[in-house]
Amino acid sequence: MRESVFESTIIKRVWALALLLCIAPFLVITLFVHPVYDDYCHAAATVEYGVRGAVRHMYLFWSGKYFSTTVLAFHPIAFGSFPAYKLVSIAIILLTFISVYFLVSVLLKREATVVEKLIAASFFTALFSNQMPELTEGYYWMPGSITYMLGVILTVFFFGSVVRLFDSRGISRRLWFLSCSLLIVAIVGSSETLMAIFFLLMLSITIKAFVCRDDSKWLWLWFLLLTTVCTLVVFMAPGNAVRSSRFAGGHRLFYSLLFSSAQEARFLLKWLSNPALILGTILFIPVAYRLSEKNELLKRHFKFHPFAGLLLLLAIVFLGFFPAYWSTGLLGQHRTVNLVFFLFLLGWFLNLTMWVSYLRRKFGWAVASLPIYVYVICLLLIPLSLLATNNTRETIEDLASGRAFRYDMQMKQRYLQIEQCLKVGQNPCPVNRLKELPTAITSDYMDKEVACDEKYWKLEFTLDPAK
């Protein structure tokens, strides 16, 4: 008989709704999103070279990230569709939720109800959105969301697909195998940071499979070989050398190790002090205990020693910082850390499951159900803590204060100014400088850097103070 965290289905439904409401502000504010900066550079490249030419140009002269640059070559504004740009942000947020729901569903199968799976996916998405290191460039800026967020979303789909592959037979198994292989090609070609992390994961799992003489060892070896080939395609791109030449502080081993470790410690302390994560961890431990007893999939395929799992998680977080310091000498924008935080959250709850299982088997550790008042307190405090802190609070403030709406009006006014300049042939073109920028969907430099805008519109801009 299925054990539920809460006896009352009504309570579970109310909590699922409360967590979904914590995600809602991030969806609502997409109404006011506009393309900026690199959006125009990618679109201009497509207009100038065509889709295939733009991808080739990026590979030869800027980056080996073949998958993300291919997606960006289909940038909506390259085809004149500015409203479609907002749909990209909506899609990324929804895919974040869907990917986690898919993974939870294939792992827990019938051991959790639909509502319980919704709670898990909603809590994860709300928590991730709440403390994402760089919200603007994670959800609302297409070069950032496609390069970093889409890749990590596909990583979640990959591991969920592997589980489905294990459970399938015949033609269905072949289709899941093909899906997993194609996902690897896309994941590795998304970003160098994810490439390094994913290679480490494939290497670790393959070694574990051969050491434990797992039946799936040859499958994991194929995944590792495919990952290696795709990694070489990224690593050997001529554009990497061109881009690295613009940063004089890279390729310093001790410096990169030191500062990557310092950033890892800094971000881990910040993430682990999130009240919602602490309360969610308290609620999850009894769930992890029941999973360690009953879930055959977890018992069969997650045989890592908990210390090995913890070291792997720390290595994944470290690799989120090292490539940036090694190649450029600085961390730069925190959009690269978004995918690390996502993987950290997944790894955190997986590690909890491994530790609870280990302590139960090794020392007979038993975890009793929590008192009802603990559930009541957590059910109240988790949504409140999410709504009142970090990115969620700033997004709500941008909406409630009207900043997001005023930014939208100013951007529409700028488009009218540009259209007028194009119509009468006025160049340079005077455009308004934005008076205030909403925190959630913009960054300060986005109004100051207009080189890409000029390239796309084929105009020079003079920025006048906003009236």
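Y255 and F259 share helix α12 (residues 253-272), where they sit 4 residues apart, about one turn of the helix. Helices here are DSSP runs of H or I with at least four residues, strands are runs of E with at least two, and both are numbered from the N terminus. This is a predicted model, so local features need pLDDT of at least 70 and side-chain atom pairs count only at pLDDT 80 or more, while totals for chains, interfaces and linings use all residues. Residues are numbered from 1 along each chain as its sequence is written, and side-chain values use heavy atoms, leaving out hydrogens and water.

**Aromatic pairs**

- The structure holds 37 aromatic pairs; rings of Phe, Tyr and Trp (its six-membered ring) pair if their centres lie within 6.5 Å, and planes under 30 degrees apart count as stacked, over 60 as edge-to-face and the rest as tilted.
- F128 and F342 form an edge-to-face pair, because their ring centres are 5.1 Å apart and their planes stand at 80 degrees.
- Since F128 belongs to helix α5 (residues 114-131) and F342 to helix α17 (residues 335-363), this pair ties together parts that are 214 residues apart in sequence.
- Both F128 and F342 are buried, where buried means under 20% relative accessible area, exposed over 50% and partly exposed in between (1.4 Å probe, protein chains only).
- Y255 and F259 make a tilted pair, with 4.5 Å centre to centre and 35 degrees between the planes.
- Y255 is partly exposed at a relative accessible area of 23%, and F259 is partly exposed at 36%.
- Ring pairs also build a cluster, whose members include F26, F124, F128, Y139, F342 and W348.
- The charged end of R252 sits over the ring of Y255, 3.9 Å from its centre; the criterion is NZ of Lys or CZ of Arg within 6 Å of the ring centre and within 35 degrees of the ring normal.

**Helix α17 and its partners**

- α5 and α17 pack at an angle of about 140 degrees with their axes 10 Å apart; axes are lines fitted to C-alpha atoms, for helices over the stretch in contact, and angles run from 0 to 180 degrees between N-to-C directions.
- α5 and α17 are therefore oblique to each other, given that angles under 35 degrees count as roughly parallel, over 145 as roughly antiparallel, 65 to 115 as roughly perpendicular and the rest as oblique.
- Residues making the contact include F124, L127 and F128 of α5 and F341, F342 and L345 of α17; contact means heavy atoms within 4.5 Å.
- Helix α9 (residues 192-211) packs with α17 at an angle of about 30 degrees, their axes 9 Å apart, which makes α9 roughly parallel to α17.
- T193, L194 and I197 of α9 meet T336, L339, V340 and L343 of α17 in that contact.
- Y358, also found in helix α17, is buried with a relative accessible area of 16%.
- Y358 touches H305, P306 and F363, not counting residues up to four places away in sequence.

**Backbone details in the loops**

- N427 and P428 are joined by a cis peptide bond, with omega about 10 degrees, and P428 is found in the loop between α20 (403-424) and β1 (429-432).
- Y37, in the loop between α1 (9-28) and α2 (38-61), has a positive phi near 50 degrees in a residue other than glycine.
- R213 is not a glycine either, yet has a positive phi of about 55 degrees; R213 is exposed, with a relative accessible area of 70%.
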